[in-house]
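Good morning, colleagues. Please have the sequence and the structure in view while I speak.

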Amino acid sequence: MFYITTAIDYTNGAPHIGHAYEKVLADVLARWHRMCGEDVYFLTGVDQHGQKVQQKAEAAGVEPEEYANAVMQKFIALWDRLGLNYDGWAATSDKRHVACVQKILTNLKEKGCLYKKAYKGFYSVRQEQFLTEKERNEDGVFGPEWGEVIELEEENWYFNLSQHIAWLREFITTHPDSVTPEFRRQNLLNAIERAEGVDLCISRPKNRLSWGIPLPFDPDFVTYVWFDALVNYISFAGYLSDGDPTLPEFSKLWPAACEVIGKDILVPAHGVYWYCMLHAMGFSDEEMPKLLVHGWLNIKGEKMSKSLGNIVDPNDLCDAFGAEALRYYLVRDTKTGYDSDYDPERLKMIYNTELANDLGNLCNRSLNMCKSYCGSVVHHGEGDDELSAALRTSLAETEATFASCMNAYNTADALGALNTHIKQCNAYIEQTKPFMMAKDETQTNELHRVLFHLLESCAHIAYLLSCVLPQASARMLEQLQVNAAALTPQTLAWGLLPDGHTVQAPTPVFPRIMSEEEKAKAAERAAKAAAKAARKAAQQG
Ligand code: MSP
């Protein structure tokens, strides 16, 4: 089973392009593994509890649950638009999750992993955490990232995190595949080296924060949001669910093959708290989830933030360019693990060159030529030639590269390899000139061979692209009359289109994205043509 999850998004604000990137990446990987014939379970969802939601709800004059659910609907609507095909939805106010978190807390307390103590210190309201000396700037103050910092004395419950740090260091050191990419694993190892013997405060007094999961053994407290949120990966996978039929069977899913998270929540949340929580619950080294850590999408090199007013709403991009153009851009222009800059000009450029020009033209020209010269029937043609053999070799190599990149979560290079082959197909048209062959009856056999090579390539490309562009891929396969249901990347072989196969006439799948200027020019041209036609009709009439 390939169990893939993502971070769950806070419901204190609307979804932005960073959230969309992570979810599209996970969806593409989930679809890829499904194509490969694996059983896949894809979980995503929302993180609903915490002070920020409580404050926003108060300001809006509604209950926190109502507020969190309304924001959740925005995420669900966006994921529908972006074509995310998830199997489970994790919402932390869900009763099944609440029950699981409470059982875990009870078990940990019984095991002696939790204790209560009083603590006085500086507290960041924005980050909902106590600050230590480490968090002070060089000039001794707490930086603006912490927002309002107050002094607070409070009794709370603690998780004995420090007792698991030695194990964690050993585990991360001896399990190179625990965190991908490797440099993020090194970041985590460095952070563990610096980790002090500090335990984790896992409660918040109810009089300060009521919107959370009550501690089952101390009703004056609710659970700290991270301790609650991290559990979603197992609660919604059926952990301690007593066979609840609405949840999956835990033993079939766990451990997660891939938890997709951003670099900001590797240390300490996932890399330290989560692994140590699982270890305390009794999970073995072999039962630890694998983390895939992606970078951040920035705007002109800057972090997206409300104060800078540079937050990009993916809905606007779907309106302007279409959901699939956005999907392609997100996983093509970002190298998994690294930061990248969101740039609408690059989105347009990549779409127009790689999809509208390279792939769109290839499919349209190939189908059109097949229609004009062969009545839309594919003939294999006899014999072989060097250029055709080279094209077949290129396709086979491309497919191997595509698969190995996708298996290594490297969507950018997988799509790059596919684009290189598409360009080679277009070059093959220019080299073999099927449009000239069609004028010479002695070259019918060669013409058939060339068109077959082109359309066969189109079919393979359309199939592989289904994990990134499910709708466009389905339309291309429909025009090529290929049923992809029984295909897998492993068994994909030359000869998808049998001799005598009939294809459809093309309808463009990737219309160019035009600038306002281009649109105005196109409208002008269309108006002129219409006027000319009207004049002609009037003269004739
Ligand atoms: N609720 C926590 C995660 C709990 S997981 C048990 C959280 N939420 S978040 O809404 O702030 O972020 C959700 C995911 O989006 C995180 O993985 C985060 O790294 C990612 N991103 C948030 N902003 C981002 C960018 N600008 N770029 C890419 N991903 C970013 O953290």
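I shall discuss the ligand site, then a pair of helices, and finally some backbone features.

This is a predicted model, in which local features need pLDDT of at least 70 and side-chain atom pairs count only at pLDDT 80 or more, while totals for chains, interfaces and linings use all residues. Residues are numbered from 1 along each chain as its sequence is written, and side-chain values use heavy atoms, with hydrogens and water left out.

Let me begin with the ligand. Which residues are the closest to the ligand? They are I8, E22, D47, D264 and L297, out of 24 residues that surround the ligand; a residue is near if one of its heavy atoms lies within 4 Å. By class, this shell has 12 nonpolar, 8 polar and 4 charged residues. Here Ala, Val, Leu, Ile, Met, Phe, Trp, Tyr, Cys and Pro count as nonpolar, Asp, Glu, Lys and Arg as charged, and the others, Gly among them, as polar.

Now the polar contacts, meaning pairs of N or O atoms within 3.5 Å; within protein, one must be able to donate a hydrogen and the other to accept it, and residues adjacent in sequence count only if both atoms are side-chain atoms. D264 places a polar side-chain atom 2.5 Å from an oxygen atom of the ligand. Polar backbone atoms also take part: that of L297 is 2.9 Å from a ligand nitrogen atom, and that of G18 is 3.5 Å from a ligand nitrogen atom. The ligand taken alone exposes 650 Å², and the protein buries 95% of that, with areas from the Shrake-Rupley method and a 1.4 Å probe; for residues, only the protein chains shown count as cover.

I turn to the helices, which are DSSP runs of H or I with at least four residues, strands being E runs of at least two, numbered from the N terminus. Helix α14 (residues 386-407) packs against helix α17 (residues 444-464) at an angle of about 5°, with the axes 11 Å apart. Axes are lines fitted to C-alpha atoms over the stretch in contact, and angles run from 0 to 180 degrees between N-to-C directions. The two helices α14 and α17 are therefore roughly parallel to each other, a term for angles under 35 degrees.

Finally, the backbone. Most peptide bonds are trans. A cis peptide bond joins T180 and P181, with omega about -5°. Another cis bond joins W254 and P255, with omega about 5°.

Technical notes: Parallel < 35°, antiparallel > 145°, perpendicular 65-115°, else oblique.
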